[in-house]
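Hello,

Please find the structure below. My notes on what was found in it follow.

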2 protein chains.
Amino acid sequence: MKTLRVPEATVTRLSIYSRYLERLDRNGVSSVSSGEIADGVGVSPAQVRKDLAYFGEFGTRGVGYNVKDLMRYTLKILGLDRHWNLILVGAGNLGYALCTYRGFNMRGFSIVGVFDNDLTKIGKRINDLEVLPMESMPEIVKDHNVRIGIIATPTRAAQEVADYMIKCGMQAILNFAPLPLNLPEHVEVRNVDLSVKLEILTFNLGFKSAQNV
Amino acid sequence: MKTLRVPEATVTRLSIYSRYLERLDRNGVSSVSSGEIADGVGVSPAQVRKDLAYFGEFGTRGVGYNVKDLMRYTLKILGLDRHWNLILVGAGNLGYALCTYRGFNMRGFSIVGVFDNDLTKIGKRINDLEVLPMESMPEIVKDHNVRIGIIATPTRAAQEVADYMIKCGMQAILNFAPLPLNLPEHVEVRNVDLSVKLEILTFNLGFKSAQNV
DNA sequence: TAGCTAATGTTATTTACTTCACATAATATA
DNA sequence: TATATTATGTGAAGTAAATAACATTAGCTA
Ligand SMILES: NC(=O)c1ccc[n+]([C@@H]2O[C@H](COP(=O)([O-])OP(=O)(O)OC[C@H]3O[C@@H](n4cnc5c(N)ncnc54)[C@H](O)[C@@H]3O)[C@@H](O)[C@H]2O)c1
Ligand SMILES: NC(=O)c1ccc[n+]([C@@H]2O[C@H](COP(=O)([O-])OP(=O)(O)OC[C@H]3O[C@@H](n4cnc5c(N)ncnc54)[C@H](O)[C@@H]3O)[C@@H](O)[C@H]2O)c1
């Protein structure tokens with residue numbers, strides 16, 4: 001095993017492997033090969049082994065991998081052997097969906113603070129969370145040791161909200177606004193851009209039709 | 001100009017360029033250089049020119065690009081010089097957010113059918129759309145010439161829903177359920193996986209801490 | 001109109017990622 | 001215990017993508 005820069009594509013796949021392993025585990029499967037994982041998630045067996053090789057040797061030659069063990073290893077690699085508290089800004093439609101989504105909890109995430117600047121939204125409840133004014137952010141962050149923030153505000157507010165989050169101590173941001181954020185190097189940002197994904201589909205549909213002509 | 005296989009990363013960036021160009025256009029900017037686009041969206045100028053070069057020559061040497069023209073070209077390349085009707089299955093929290101999202105309309109997308117299998121949801125209204133039973137899908141698809149479907153159902157229903165969508169004639173699927181779908185070659189699928197993005201953040205936070213030790 | 005500047009389009013280079021191929025090791029079998 | 005089988009881990013080969021470098025062309029200036 002050598003430790004080099006890990007491609008982001010590898011991290012993405014690890015996340016997918018780990019969820020697939022959880023599913024196998026729930027179904028009582030105890031052992032699995034790279035080929036089976038590959039089939040299950042739609043990549044090549046060599047890719048699975050290469051991805052894992054960045055982090056160590058987890059299998060047994062001639063046998064395969066122990067599902068429970070590999071599941072734990074992948075979760076550990078992803079930093080999911082602990083609990084993560086999150087905050088979210090923008091209690092709109094998407095914010096509401098994210099707050100009520102149980103899939104995050106299942107991976108060890110909890111949204112511990114929801115913030116908005118609209119007085120008609122502040123004080124409202126989403127599950128057991130009360131929507132708070134932006135001024136409460138520092139306190140919540142401190143109390144719950146929050147390092148990751150989610151932006152679900154309109155595009156025009158996103159940059160300003162991101163700047164404020166960083167002032168409040170956020171080290172990583174998941175941004176749903178379709179706008180490239182301008183942030184200091186040391187802050188990790190990832191965008192979730194739904195329109196882009198749709199447009200990849202339309203591009204491909206158009207491209208295919210063109211090929212058929 | 002040569003026509004080769006276009007990297008998906010290029011298509012992704014084109015989508016982002018085109019939105020950035022729309023913004024410039026709204027702000028009354030009429031001319032732009034690859035360097036300015038690059039700064040605006042966070043890539044290198046060479047990357048911008050390389051991406052465009054897959055599709056033709058759109059600029060003027062020594063001058064740059066005409067914003068309106070390049071915007072139209074990029075939209076055309078992405079297949080957005082026309083209107084796209086979509087259907088969505090799963091009128092839950094995420095489905096509701098997607099149906100009410102105005103950003104899709106602004107790019108030429110309309111959701112023309114929302115389907116669910118929960119009797120308590122069927123008949124309810126989301127904006128001007130009524131939630132329909134699954135049986136209505138073929139009719140809606142035919143009437144509105146729909147080629148793209150969105151899956152916003154729980155994970156366990158996603159594969160079955162995808163299969164049904166394809167039977168109804170869908171050629172492309174945007175899948176929000178965190179599960180790799182097993183579908184015929186000719187159907188374009190893209191997954192939007194929010195947990196994966198979060199887990200890239202936790203991976204990077206953990207990795208950084210490790211480096212600091 | 002000649003010379004200068006700016007910024008594209010494109011080829012060359014470098015870097016990154018994936019696939020291939022096989023030596024290695026564990027287990028099963030005779 | 002030898003042999004066959006299976007599937008990992010990994011270096012080498014191949015492919016793809018990003019970056020760099022530069023030749024080309026448009027417009028500006030004197
Ligand atoms: N809804 C979707 O399906 C969807 C899809 C793709 C992208 N997005 C993006 O996600 C973001 C949210 O979308 P939405 O549909 O939930 O919007 P929304 O309008 O329903 O909600 C936005 C919320 O942000 C709050 N807000 C506005 N400015 C703020 C500020 N400065 N500080 C704090 N809060 C502020 C508003 O009060 C509102 O509650 C948008 O950027 C949108 O482009 C949404
Ligand atoms: N809500 C989020 O923020 C979020 C985040 C990430 C991923 N997701 C994923 O998106 C999907 C939807 O999430 P949600 O929170 O909106 O769930 P939800 O439970 O609120 O909604 C799901 C809807 O699908 C319907 N449904 C179930 N089975 C169906 C079937 N066989 N045919 C037709 N309709 C069916 C249900 O009746 C329900 O209305 C899930 O796969 C979830 O994992 C959601």
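**DNA strand D and the two chains**

Of the atoms of DNA strand D within 4 Å of the protein, 73% are sugar or phosphate atoms, and the rest are base atoms. This is a predicted model, in which local features need pLDDT of at least 70, side-chain atom pairs count only at pLDDT 80 or more, and totals for chains, interfaces and linings use all residues. Residues are numbered from 1 along each chain as its sequence is written, chains are lettered from A and ligands numbered from 1 in the order in which they are written, and side-chain values use heavy atoms, with hydrogens and water left out.

DNA strand D is surrounded by 27 residues (near means that a heavy atom of the residue lies within 4 Å of the strand). Among the closest are A:Ser34, A:Arg49 and A:Tyr65. By class, this surface has 10 charged, nine polar and eight nonpolar residues.

A polar backbone atom of A:Ser34 is 2.6 Å from a phosphate oxygen of DNA strand D. Helix 3 (45–53) of chain A, and helix 1 (8–26) and helix 3 (45–53) of chain B, are the elements that give two or more residues to the surface near DNA strand D (helices are DSSP runs of H or I, at least four residues, numbered from the N terminus). Helix 3 of chain B gives the most, with four residues.

Chain A superposes on chain B by a rotation of 180 degrees with 0.0 Å of shift along its axis (RMSD 0.0 Å), fitted by least squares on the C-alpha atoms of residues with pLDDT of at least 70 in both. The two copies are thus related as by a two-fold rotation axis.

Regards

Terms used
A polar contact is a pair of N or O atoms within 3.5 Å; within protein, one must be able to donate a hydrogen and the other to accept it, and residues adjacent in sequence count only if both atoms are side-chain atoms. Ala, Val, Leu, Ile, Met, Phe, Trp, Tyr, Cys and Pro count as nonpolar, Asp, Glu, Lys and Arg as charged, and the others, Gly among them, as polar.
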